[in-house]
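Good morning, and thank you for coming.

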Amino acid sequence: MRIPNLLISLISLSPILTRAVAAAVSDRSANELFQLTPDTFKSSIASGHWVIEHFSPSCPHCRQFAPTWEKLVGEAKTEFPDVRLAQVNCALYGDLCNENGVTGYPTITLYHSGHVVKEFDGNRELSNLKSFLHEHISPPSSSSPIEADLEHSEEKIDGAETESNFESPHSHPMAALNPHGKVLSLTSSTFQTTLSQGPMFIKFFAPWCGHCRRLAPTWSKLAKATQNGRVTIAEVNCEEERALCRQYKVDGYPTLMFLRKEGKDETKTDYKSGRKLEQLVSFVEKASAPPLQPLGSVDELSVKITENKVVYILLLRKRPSQALLDAFSESASSLLGQPSIFYSTSHSLFEEYAIPSASSWALVALKDHNIHSASSVFLSTTLKDDPSFKATLSSIRDPNSQVSVWLRTHRLPTTVELTQDSFQMVMNAPEEPLVVIAGVNGRLKARVEERMGDLAAKWRVRTGGSGRAKFSFGGRGIWGLRGDGERVKKEMDEREVVFTWMDAEKWKDWLSSMYGMKVVDEMLVDLDDVPVVIVDHKGLIYWDQDSQGERLRLSKSLFDVVQDVAEGKLAHKNSENMIERLARFLNGGLIFSTGFVAKHPIKFTFYIVLLLFVVIWLVQRYVGAVAQNEYRRVSQRLD
């Protein structure tokens, strides 16, 4: 009897269920996100008001913003019935985003009759977005969209000229690369031609390599995700192109490399981070984005500091020449978007970081989400203080200039967890930092992270904001500012100190073999139990004791140990045994010799000939001396 009753109940409820399902489908259809393509973009926005979100599926900020955007789409139907909302997927339509001047994600822009009215630059909260629409849509403006653009171009930020008054570097649309969304196979005959068209992200592989075969599907998806973008996704078969792979010093498979060519200069960067699709897409987007990006307001800077551990700001006293912006852009291109560099003419930022009035521009490094204290500042007057170094555009572009060196040596965060993705960035950084490593378990991870952040902040205070240890050996210096605004001579032999932690369970074998760190989970009860080492990974040496022979702890006593290390007062330990060190020494000598022969064949030939003459001369002298002694001995016997 229960079954018939149940059927009757379901039948009686069916109209209600049908209406509920229909309403749910209707609501979902009503809030369905509308996307534009290069074929539909201009024709769609040609009439009426449009709010466009330029986004990338791999962008974490876009994913966080997605629920807010969906709410805005739904509520705008009643609050802003004359406004259409749509999206542009920049991972698929990179050329369209280039044409629209998009330099970061998500970018939200208001259009009217095909013209830009305003780009939203506030906090991406629903109330702020609605206020933005109310401000720029109602009451209706009597001026035309073009007149509105002219009005916005006269806006001031704290009395300074805004970036809208001058053209951003490399703002001209670049021809889209990777038009078919497929991996391009390169040979020696096509390599340079393809590179001359724009940046390339290349996979050097061998057909027999198992890791290469596993990466192949992801590499194909990467090409699809970056179709019509700013980068060519390519591959080189090193079994067929051995000479080409030797030229680029490929010594393992797969080797991932980002290549860029500016005029005759070619720059290459080995990619050694994670190989998941979203990580590869994120790298390509950052590496191919404009090296300099405009900063709309001081509030936007707060957002950038919250989102990134390291941020560079180029502060400009007044409207600069386009040539100066392009020079800085070229100098910053080697960073590949890590960290991002924003430029601004805000007077309040000049005051915030105590930039002297004599300096027409300044580079500011901000770290650890701290907007108020600069870890380092590079002044335009720095170049003029050095009589042998003229402040010319060519010097700024020079990869070995003081500007370029500063950009490279301050880009590491002060605190970071060492993982498979971040290891290469920190441990093999060109800046050769000193790295403090703590081995942690799951129970203490949060507390260790908090303690490391506290130690890093105190270390910055101790070092005047720089976070760098000064080594005792000599070095040439440059003028700059400490965090407190004091103008001092900054030595090139200073090295960054990075405070890190590692999962001791996951990396226990590596920690044990490299640093003798024995981590027993049951013994890690409190912060004092956490093992700590200070590492110079470039030299494969480390320190695990202080000057009294006590093991290192997560306390301010680490600062004295770091200083003793920098001054050469503590004996180091080696991560390699005697045989491994000898093998590395011989291998280094062989690599040096090979490189010297390749770069200086004439000198090498001269030295070889000279060596042969010396050997022959020594042999002749030895043979002659032996023959003369033998003659004397025989002569004496005959007498």
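In which loop is Pro339 found? Pro339 is in the loop between helix H12 (322-332) and strand E14 (340-344). The bond that joins Gln338 to Pro339 is a cis peptide bond, with omega of about 5°. A cis peptide bond also runs from Tyr105 to Pro106, and there omega is near -10°. Pro106 lies in the loop between helix H4 (94-99) and strand E3 (107-112). Helices (H or I, at least four residues) and strands (E, at least two) are DSSP runs, numbered from the N terminus.

Let me state the ground rules. This is a predicted model, in which local features need pLDDT of at least 70 and side-chain atom pairs count only at pLDDT 80 or more, while totals for chains, interfaces and linings use all residues. Residues are numbered from 1 along each chain as its sequence is written, and side-chain values use heavy atoms, with hydrogens and water left out.

The confidence of the model comes next. The term pLDDT denotes the predictor's confidence in each residue, from 0 to 100. For the protein chain its mean is 79, and 79% of the residues reach 70 or more. Over residues 139-168 pLDDT stays under 50, and the model has 57 contacts for them beyond four places in sequence. Residues 474-492 also have pLDDT below 50, with 53 contacts in the model beyond near neighbours in sequence. A contact means heavy atoms within 4.5 Å. Where pLDDT is low, the predicted coordinates should not be read in detail.

Now for the chain as a whole. The protein chain contains 22 helices and 25 strands. Of its 639 residues, 43% are buried. Buried means under 20% relative accessible area, exposed means over 50%, and partly exposed is in between (1.4 Å probe, protein chains only). Among contacts between residues at least 6 apart in sequence, 71% join residues at least 24 apart.

What does the interior look like? The largest nonpolar core has 31 residues, and Ala438, Val448, Phe499, Ile534 and Leu554 have the most contacts inside it. A nonpolar core is a set of buried Ala, Val, Leu, Ile, Met, Phe, Trp, Tyr and Cys residues joined through side-chain atoms within 4.5 Å. The elements that give two or more residues to this core include strand E18 (434-440), helix H18 (445-462) and strand E22 (494-503). Helix H20 gives the most, with six residues. A second, separate core of 21 residues includes Leu314, Leu325, Ile341 and Val403.

I turn to the aromatic rings. A pair of aromatic rings is described by the distance of the centres and the angle of the planes. Rings of Phe, Tyr and Trp (its six-membered ring) pair if their centres lie within 6.5 Å; planes under 30 degrees apart count as stacked, over 60 as edge-to-face and the rest as tilted. The structure holds 22 aromatic pairs. In one of them, the ring centres of Phe201 and Trp219 are 5.0 Å apart and the planes stand at 55°, so this pair is tilted. Phe201 belongs to strand E8 (residues 200-205) and Trp219 to helix H8 (residues 210-225), so the pair ties together parts that are 18 residues apart in sequence. Phe201 is buried, at a relative accessible area of 0%, and Trp219 is buried at 0% as well. Together with Phe258, Tyr271 and Phe283, they form one aromatic cluster.

Is the pair of Trp361 and Phe378 stacked or tilted? Their centres are 6.1 Å apart and their planes are at 15°, so the pair is stacked. Both Trp361 and Phe378 are buried.

Finally, some single residues. Lys367 lies in strand E15 and is buried, with a relative accessible area of 1%. Its contacts beyond four places in sequence include His410, Arg460 and Glu496. Ser113 has a positive phi of about 55° although it is not a glycine, and Ser113 is partly exposed, at 31% relative accessible area. Leu540 also has a positive phi, near 55°; Leu540 lies in the loop between E23 and E24 and counts as buried, at 15% relative accessibility. Thank you for your attention.
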